[in-house]
Amino acid sequence: MSCGHVRFLSDREAYGFIKRDGYGQDVFFHRADIVSGSVSEGDRVEFDIQSAGRGPRARNIQVL
């Protein structure tokens, strides 16, 4: 599992980006990827990484 913090969140569009610890590239996520509860900008999260067409995507997101 990877860790990071939610850098950007669009409530209206239901997606966001996570700044992954130790990496320069942000990771995309969709609200459906959140396992439990809800996330807000700045929250520390743990997640799995999956390859996607436009770059990495976070899955199974859990707020720490």
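What joins the side chains of D33 and R57? Keep that pair in mind while we walk through this model, which is a predicted one.

Let's start with the big picture. The protein chain has 0 helices and 5 strands, so if you read along the sequence you get the pattern β-β-β-β-β. The C-alpha trace spans about 25 × 25 × 20 Å along its principal axes. How does that fit with a compact globule? With 64 residues, a compact globule would have a radius of gyration near 11 Å, and the 10 Å of this protein chain agrees with that. Contacts tell you something about the fold too: take those between residues at least 6 apart in sequence, and 45% of them join residues at least 24 apart.

Buried residues make up 31% of the 64 residues.

Which residues form the largest nonpolar core? There are 11 of them: V6, L9, I18, V27, F29, I34, V39, V45, F47, A58 and I61. Strand 1 (2-10), strand 3, strand 4 and strand 5 (55-63) each give two or more residues to this core. Leaving out residues up to four places away in sequence, F29 touches V6, F8, L9, Y15, G16, F17, I18, I34, V39, A58 and I61.

Next, find the loop between strand 3 (27-30) and strand 4 (44-52), where D33 lies. Is D33 buried or exposed? Its relative accessibility is 5%, and buried means under 20%, so D33 counts as buried. Here we come back to the opening pair: a polar contact of 3.0 Å joins the side chains of D33 and R57.

With 75% relative accessibility, G37 counts as exposed, whereas D33 counts as buried. Finally, look for Q62: G37 and Q62 are 25 residues apart in sequence, and their C-alpha atoms are 8.1 Å apart in space.

Notes: Residues are numbered from 1 along each chain as its sequence is written. This is a predicted model: local features need pLDDT of at least 70, side-chain atom pairs count only at pLDDT 80 or more; totals for chains, interfaces and linings use all residues. Side-chain values use heavy atoms; hydrogens and water are left out. Helices (H or I, at least four residues) and strands (E, at least two) are DSSP runs, numbered from the N terminus. Buried means under 20% relative accessible area, exposed over 50%, partly exposed in between (1.4 Å probe, protein chains only). A polar contact is a pair of N or O atoms within 3.5 Å; within protein, one must be able to donate a hydrogen and the other to accept it, and residues adjacent in sequence count only if both atoms are side-chain atoms. A nonpolar core is a set of buried Ala, Val, Leu, Ile, Met, Phe, Trp, Tyr and Cys residues joined through side-chain atoms within 4.5 Å. Contact means heavy atoms within 4.5 Å. The radius of gyration is taken over C-alpha atoms; the globule rule is 2.2 Å times the number of residues to the power 0.38.
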